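Visitor: I have a structure open and would like to learn how to read it. Can we go through it feature by feature?

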Amino acid sequence: MGATIAKLAERPNLWPWLLLTPLAIYLAIFFLVPLVNVAIMSVTEPRLTLANYERVLVGALYQRVFLNTFLTAGLVTLACLLVAYPLAYLMNHSSQRTAMMILLLVTMSFWTSFLVRTYAWMVLLGNNGPIIAFIKAIGIEIPPQLLFTRFSSTLAMVHILAPYMIMNIYSVMRKIDPVLIRSAESLGARGFALFRHVYLPLTAPGIANGCVLVFVICLGFYVTPVLLGSPREQMIAGLIGTQIEEFLAFGMGSAMAMVLLAVTLAILAIYHRRFGLDKLWG
Amino acid sequence: MQSYLQLNGVTKTFGDFTALQKVDLAIDKGEFVTFLGPSGSGKTTTLMIIAGFEKATCGDVLVEGRSLSGLAPHERNIGIVFQNYALFPHKTALENVYFPLQMRGVKHPVGLKNAADMLELVGLKGFGHRYPKELSGGQQQRVALARALVFEPSLLLLDEPLGALDKNLREQMQIEIKRIQRALGVTTIFVTHDQTEAMSMSDRIVVFEKGSIQQVATPLEVYHKPRTRFVAGFIGESNIIEATVVDPAARKATAEHIGEIEYAPSEFSLHKGTPVTLIIRPEHIRLSRDPKKGRHNARMKVETIVNYGDNALVIGRVGEQSMRVRVLGADVVIIKEGEDCHVSWTPDSVYMIAK
């Protein structure tokens with residue numbers, strides 16, 4: 001009898017896996033199958049060759065768009081960090097009430113529709129919008145072009161992505177043991193030295209998490225750059241859209257999507273080796 | 001002569017609650033002083049006021065006659081070892097120890113050399129490159145100690161630093177801390193709620209209860225001449241007997257279940273009828289089948305015997321008065337639970353506390 005029980009105990013518990021099946025089936029049908037389809041199209045449309053990839057990787061236009069995508073993602077990440085760090089610090093060092101208020105304001109933009117937020121920026125930054133009106137009012141005759149520039153698309157993407165950065169940094173800041181800061185003070189540290197040698201390194205994991213998350217999400221951004229950005233500074237997702245919608249070049253579009261996917265996975269792989277992917281969500 | 005560290009009427013209130021009530025204390029240079037008391041007795045609050053993390057509601061802290069009030073923690077030059085060590089997880093052991101020197105502008109080669117020397121002093125030579133999480137609890141403790149000492153602080157404060165260690169390591173670290181403290185001659189305040197730690201390490205013990213100091217004395221004095229009932233009960237085991245003075249000149253009192261008892265000479269001067277507390281330590285009581293000559297005898301009914309190997313604790317009653325007797329392990333065979341026996345003591349070992 002003891003042996004039977006031992007055998008039963010050895011058998012891996014199947015329940016957790018069973019609970020996962022609906023999700024697995026869903027992902028297989030609506031994610032994995034289309035993805036494989038895209039991969040196949042990238043080498044079969046219009047003929048079975050690797051020509052699509054050659055064009056994507058060598059063509060000057062595509063290289064420029066890829067470069068621009070990385071630049072924009074980098075810029076957005078940096079701007080998010082500059083906005084998020086002080087805000088997270090403020091949240092962590094204010095009363096519970098104030099922290100909740102800031103958190104509410106930050107996450108509010110999460111609850112508003114993506115498209116609505118993008119259109120709101122179009123209204124705000126447009127030629128008949130309040131910001132241009134203000135610039136004219138203070139006496140600048142020829143106001144700068146705000147909408148359909150790198151500025152407008154970056155601004156909107158920072159607005160959308162900053163909460164990810166804030167939440168990541170805030171969660172790490174919250175976990176810092178206040179005794180560590182006291183200890184640093186007792187050892188003679190204060191002000192900027194305390195920040196640079198103790199606080200900043202302790203929050204570094206949050207910064208790394210936030211940056212990877214924002215950068216990776218930003219690489220694949222479509223709606224915002226297409227609607228708000230400069231047509232001359234297209235991002236890769238926009239170009240894929242154009243290829244498929246306007247030129248019906250499914251092969252080219254698919255090849256670009258695969259390259260984008262590969263780049264994203266490569267970044268996550270590097271991050272995983274350095275920090276562990278499980279930490280990405282806090 | 002002026003003391004090295006002086007606390008003058010230090011009081012701390014949180015709203016209606018008084019955490020510290022007019023604490024006066026003087027500590028000499030190089031002394032090892034322990035703040036002993038249960039949690040919430042004010043010992044840690046006092047430490048935090050000295051360190052500058054808490055502000056006294058009134059009163060002052062002076063080091064070598066100079067007031068510390070108005071100085072931020074980083075300006076006080078006080079080394080602190082916190083309860084959970086508070087090592088910086090992103091720095092190696094050596095970098096942790098170098099940190100206070102770095103903050104004082106000591107440049108690399110000299111600073112790192114000093115830090116390495118200090119690590120060697122605490123017995124961690126060759127561990128400098130390890131991160132805190134790669135060190136055991138005892139080793140982390142040593143790094144924290146080295147870090148708090150490397151900048152030659154005017155005071156070393158230790159806030160229950162041995163709490164997280166297991167028993168063997170704890171004893172080892174007690175000896176280590178004492179050795180290092182002697183070697184450097186740094187004035188040290190050690191906070192603990194563990195009386196054996198306080199007894200074994202300190203030059204003097206400060207007993208705290210409910211926000212005020214109950215007694216300041218050497219370990220032996222605190223043990224043998226407790227000033228208050230609380231001290232007697234908190235440090236070591238005691239038989240506490242409530243009694244009334246009947247003859248102050250002959251030092252005699254009477255207790256309900258034991259009758260007349262003679263007590264040791266004491267500093268308290270009392271008159272007849274004063275209620276007092278008499279203290280007899282369990283190891284000062286002898287157990288025997290028959291009454292002993294020249295000693296005060298009483299009949300005790302044995303209820304429980306707890307054997308510790310080298311010694312045993314015999315718990316019983318004299319009338320309704322509960323009594324604890326500590327006997328050597330070999331002597332316990334003469335008695336069984338449920339039997340009657342004689343307990344005896346000399347008047348020297350009866351310590352009297354006035355209420």
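Predicted model: local features only at pLDDT ≥ 70, side-chain atom pairs only at ≥ 80, totals over all residues.

Visitor: How many helices and strands does chain B have, and what does its C-alpha trace span?

Guide: Chain B holds eight helices and 20 strands. Along the principal axes, its C-alpha trace spans about 75 × 45 × 35 Å. Of its 355 residues, 38% are buried. Now look at contacts with a separation of 6 or more. In chain B, 64% of them join residues 24 or more positions apart.

Visitor: Into which domains is chain B divided?

Guide: There are two entries to note: domain 1 (5–230) and domain 2 (237–354). Their C-alpha centres lie 39 Å apart. Four residues of domain 1 of chain B are in contact with five residues of domain 2 of chain B.

Visitor: How should I read a nonpolar core?

Guide: Start with the general idea. In soluble globular proteins, nonpolar side chains tend to be buried together. Here, the largest nonpolar core has 100 residues. Val97(B), Leu119(B), Leu157(B) and Leu278(B) have the most contacts inside it. Helix 2 (residues 93–103) of chain B supplies the largest share of this core, seven residues.

Visitor: Why does this core lie between domain 1 and domain 2 of chain B?

Guide: Because both domain 1 (5–230) and domain 2 (237–354) of chain B give residues to this core.

Visitor: Which residues does Leu278(B) contact, leaving aside neighbours within four places in sequence?

Guide: Leu278(B) is in contact with Ile241(B), Ala243(B), Ala253(B), Ala255(B), Ile261(B), Tyr263(B), Val350(B) and Met352(B).

Visitor: Let us take Ala237(A) too. Is Ala237(A) buried or exposed?

Guide: Ala237(A) counts as buried, because 21 C-beta neighbours lie inside 10 Å. The cut-off for buried is 20 or more. Ala237(A) sits in helix 12 (residues 236–245) of chain A. Beyond four places in sequence, Ala237(A) touches Gly220(A), Phe221(A) and Tyr222(A). Gly220(A) is 17 residues away in sequence, yet the C-alpha to C-alpha distance is 5.7 Å.

Visitor: How do I describe two packed helices?

Guide: Two packed helices are described by the angle between their axes and the distance between the axes. Take helix 4 (residues 60–92) and helix 8 (residues 150–175) of chain A. They pack at an angle of about 45 degrees, with axes 6 Å apart. That angle makes helix 4 of chain A oblique to helix 8 of chain A. Their crossing is right-handed.

Visitor: At what angle do helix 10 and helix 13 of chain A cross?

Guide: The axes of helix 10 and helix 13 (residues 250–274) of chain A cross at roughly 175 degrees and come within 10 Å. Helix 10 of chain A is therefore roughly antiparallel to helix 13 of chain A. From helix 10 of chain A, the contact uses Val212(A), Val216(A) and Leu219(A). From helix 13 of chain A come Leu260(A), Val263(A), Thr264(A), Ile267(A), Leu268(A) and Tyr271(A).

Visitor: How many residues does each chain bring to the contact between chain A and chain B?

Guide: Chain A brings 14 residues and chain B brings 17 residues. On the side of chain A that touches chain B, helix 9 (178–186) and helix 10 (191–219) each give two or more residues. Helix 9 of chain A gives the most, with six residues.

Visitor: How many residues of helix 1 of chain B are buried?

Guide: Nine of its nine residues, so to read helix 1 (residues 43–51) of chain B is to read a mostly covered helix. Lys43(B), Thr44(B), Thr45(B) and Thr46(B) are among the buried residues. Gly52(B) follows helix 1 of chain B and has a positive phi, near 95 degrees.

Visitor: Which residues other than glycine have a positive phi?

Guide: Ala86(B) is one of them, with a phi of about 50 degrees. Ala86(B) lies in the loop between strand 6 (78–81) and helix 2 of chain B. Ala86(B) is buried, with 26 other C-beta atoms within 10 Å. Lys210(B) also has a positive phi, near 45 degrees. Lys210(B) is found in the loop between strand 9 (204–209) and strand 10 (212–217) of chain B. With 15 other C-beta atoms within 10 Å, Lys210(B) is partly exposed.

Key. Residues numbered from 1 in each chain as written. Chains lettered and ligands numbered in written order. Helix = DSSP H or I, 4+ residues; strand = E, 2+ residues; numbered from the N terminus. Buried ≥ 20, exposed ≤ 12 C-beta atoms within 10 Å, placed from the backbone. Contact = placed C-beta atoms within 7 Å. Core = buried A, V, L, I, M, F, W, Y, C linked by C-beta atoms within 7 Å. Domains from an automatic or database assignment. Axes fitted to C-alpha atoms, helices over the stretch in contact; angles between N-to-C directions. Parallel < 35°, antiparallel > 145°, perpendicular 65-115°, else oblique. Left-handed = near helix turned anticlockwise from the far one by under 90°.
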